[in-house]
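The sequence and the coordinates should be kept at hand while reading.

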Amino acid sequence: MNGGGSENGGLERRLLADLQPSQLLVSSEKLRDVLDWWDADDPDPEPLPYLHPVEDLGLAPERVEPGRVVLADGHTRALAAVLSGTETLPVVRDPDRETLSMGIYRTCLGWCVDAGVRRPADLVGRVVSDETFRTEWVQRCQAVAEE
């Protein structure tokens, strides 16, 4: 259910199953904050930014599912959508994608694929304390950035 617009950077709606996470863990604190304002009966969050189609990030073709897009941010909102039974969310090409380090995202995407995190629903069971999130995810990504 691609609503178009991805070529010009415009808003579109995508199935949650078409969104490839680039993050392995979700902070329980962030999830609690999102669930405080999330309207499960009528979810309408800000559009989630995505980078590129998954096949454009340089992983071996057999490791990715073509046609899906890589989330740049909004993993917690995507998980809230899963928990509330939402099937689609608004997404938009990340306007900052040209300034982001695709090498870091490529590494993070590889970790996700290796761990079986291929859709927002795969983040269920990967909610951790904020401290654990910082030590096991943020610091891991920062180490890649420093290489």
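With which residue does Glu65 form a salt bridge in which the closest N and O atoms are 2.8 Å apart?

1. The partner is Arg119. It should be noted that the model is a predicted one. Glu65 belongs to the loop between strand E4 (48–53) and E5, whereas Arg119 belongs to the loop between helix H3 (102–115) and strand E7 (127–128), so the contact ties together parts that are 54 residues apart in sequence.

2. Glu65 also meets the side chain of Arg68 in a salt bridge, at 4.0 Å from N to O. Through shared partners, the salt bridges join Glu65, Arg68 and Arg119 into one network.

3. Arg68 is buried, with a relative accessible area of 3%. Glu65 is partly exposed at 28%, and Arg119 is partly exposed at 25%.

4. In the whole structure, four salt bridges are found. Another one of them links the side chains of Glu12 and Arg14, with an N to O distance of 3.2 Å. Glu12 and Arg14 are both buried.

5. The strands deserve a separate point. An open sheet is built from five strands in the order E1-E6-E4-E5-E2, with mixed pairing. Its edges are strand E1 (12–15) and strand E2 (19–20), each of which pairs on one side only.

6. Gln20 has Val70 in E5 as its bridge partner.

Definitions and conventions. Residues are numbered from 1 along each chain as its sequence is written. This is a predicted model: local features need pLDDT of at least 70, side-chain atom pairs count only at pLDDT 80 or more; totals for chains, interfaces and linings use all residues. Side-chain values use heavy atoms; hydrogens and water are left out. Two strands pair if DSSP finds at least two bridges between them. Helices (H or I, at least four residues) and strands (E, at least two) are DSSP runs, numbered from the N terminus. Buried means under 20% relative accessible area, exposed over 50%, partly exposed in between (1.4 Å probe, protein chains only).
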